[in-house]
Amino acid sequence: MDRWQPHLISNTPYRHWLQVRGSLTHALMHRCPAFNMVRLSQRGGAAHLDEEDLMRLSHRRLAMIREVLLRCGQKPLVFAHSVIPMAGLQGPWVGLSGLGNRPLGAALFSDPRIQRHPLEFRRLDRRHPLYRKATAHLDEVPLNLWSRRCRFTLQGHSILVTEVFLPETLHLP
């Protein structure tokens, strides 16, 4: 699966997590009492090539890139990568630049005006930059990682959230 797909076509052990419809953060917190989030980075940068068209960003146009690691205790569960075009940060998403170590999901799922678009799925391998970023937090590196992404829109401005599922997710009770 080399492109983002609108349907999950593989019978992966991650199926349950990939198909969570509400807040993934909330679902993980429910399964892990020691849930925590570490903000890895939040800075201006360019979106990845496979994000530019979806986000209507011209090549190399700057966006705010936020990357976090969702963990159960010290065990990494999900690497999350968000792209917010700068125009949105001056518009309806102005408060998101000050999230700090708070989860983005709490903000996205608390406002009924925010429209959630359909999920897309992809199995990532070493050719994709998000695979390389996610595996930097693993002791043992698998051949591929399952991911999903979703666009959220408020007042015509979008955010793209991509979640890369790490092997430890499969060991949650």
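How many helices and how many strands does the protein chain have? In this predicted model, local features need pLDDT of at least 70, side-chain atom pairs count only at pLDDT 80 or more, and totals for chains, interfaces and linings use all residues. Residues are numbered from 1 along each chain as its sequence is written, and side-chain values use heavy atoms, with hydrogens and water left out.

The protein chain has six helices and seven strands, where helices (H or I, at least four residues) and strands (E, at least two) are DSSP runs numbered from the N terminus. Their order along the sequence is α-α-β-α-β-β-α-α-β-β-α-β-β.

The C-alpha trace spans about 40 × 35 × 25 Å along its principal axes. Buried residues (under 20% relative accessible area, 1.4 Å probe, protein chains only) make up 49% of the 173 residues. Among contacts (heavy atoms within 4.5 Å) with a separation of 6 or more, 66% join residues 24 or more positions apart.

The lining of the largest pocket includes Leu54, Met55, Arg151 and His157. A pocket is an open set of points on a 1 Å grid over the protein atoms alone, where a 1.4 Å probe fits, with protein on both sides within 12 Å along at least five of seven lines; lining residues have an atom within 4 Å of a point. Helix H3 (49–55), helix H4 (86–89) and strand S7 (157–165) each supply at least two lining residues.

Methods:
Buried means under 20% relative accessible area, exposed over 50%, partly exposed in between (1.4 Å probe, protein chains only).
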